[in-house]
Amino acid sequence: MSDDSFIREVNEEFRQDQMKSLWRRYGALAVGIAALLILATASWVGYDYWSTSRANQAGDAFAQALELADEGQTEEALAALEELETSGYGDYPMLARLRAATLLAEAGRYEEAVAKFDAVAANGSAPAAIRDLANLRAGLILVDHGSYADVAARVETLTGDDNHMRHTAREALALAAWKEGDRENALALFEQIIDDPQAPSGTRQRAEMMSELIAGSASESG
């Protein structure tokens, strides 16, 4: 046997002894870690399946509720949406509440509709954009079915120059002010829309029309 072969065999035996020693010291720990990894993987797979299954069920139920609404079966649709609000999964309870609010408004049940929108707006776990939209929708209903204070409580925070909903929010406030006879406030809000280069053309045209109407009514009364 050459010196190199002898050295290799010694090194091999040394490595084997090291491995045996390490296994005796840490073998049980390694088995435990492996078992935990397997258990964690199995748990995640199980949870993912459960989560996906619940989301699919909620999605199917939401789609069925929308079909009922499209078919004019409002009460049946509202019942299905109410069930989703309490037992749905993921974002579907919030979507169900928004859709139910819209159906209630279309049915002339304005107080119930506003209450639904308010519930979404007050949900701190909902995305800010959804909460803002709910406030805006409630405010638009209250232009005709509430007071200026009611509308302002929902949409005033949306009228800032950096809010992309500001044009509709300002229009809602302006209409509510005009309805209550506050021409000065209404005119100022409509002028904000007119002067905003990013205002949609339709919104600007309505603001211009209302400004002319307010100015004309003011001159007639004067």
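Mentor: Let us begin with N135, which, leaving aside its neighbours within four places in sequence, is in contact with A121, R154, V155 and L158, where contact means heavy atoms within 4.5 Å. This is a predicted model, in which local features need pLDDT of at least 70, side-chain atom pairs count only at pLDDT 80 or more, and totals for chains, interfaces and linings use all residues. Residues are numbered from 1 along each chain as its sequence is written, and side-chain values use heavy atoms, with hydrogens and water left out.

Trainee: Where is the place of N135, and is N135 buried or exposed?

Mentor: Buried means under 20% relative accessible area, exposed over 50%, and partly exposed in between, with a 1.4 Å probe and protein chains only. N135 has a relative accessible area of 17% and is buried, and its place is in helix 5 (residues 128–145); helices (H or I, at least four residues) are DSSP runs, numbered from the N terminus.

Trainee: Which residues is T203 in contact with, leaving aside its neighbours within four places in sequence?

Mentor: T203, in helix 9 (residues 201–221), is in contact with H167, E171 and I193.

Trainee: Which members of the largest nonpolar core touch the most other members?

Mentor: A nonpolar core is a set of buried Ala, Val, Leu, Ile, Met, Phe, Trp, Tyr and Cys residues joined through side-chain atoms within 4.5 Å. Here the largest one has 48 residues, of which L81, F117, V151, V155 and F190 touch the most other members, and helix 3 (residues 92–106) gives the most to this core, with eight residues.

Terms used:
Helices (H or I, at least four residues) and strands (E, at least two) are DSSP runs, numbered from the N terminus.
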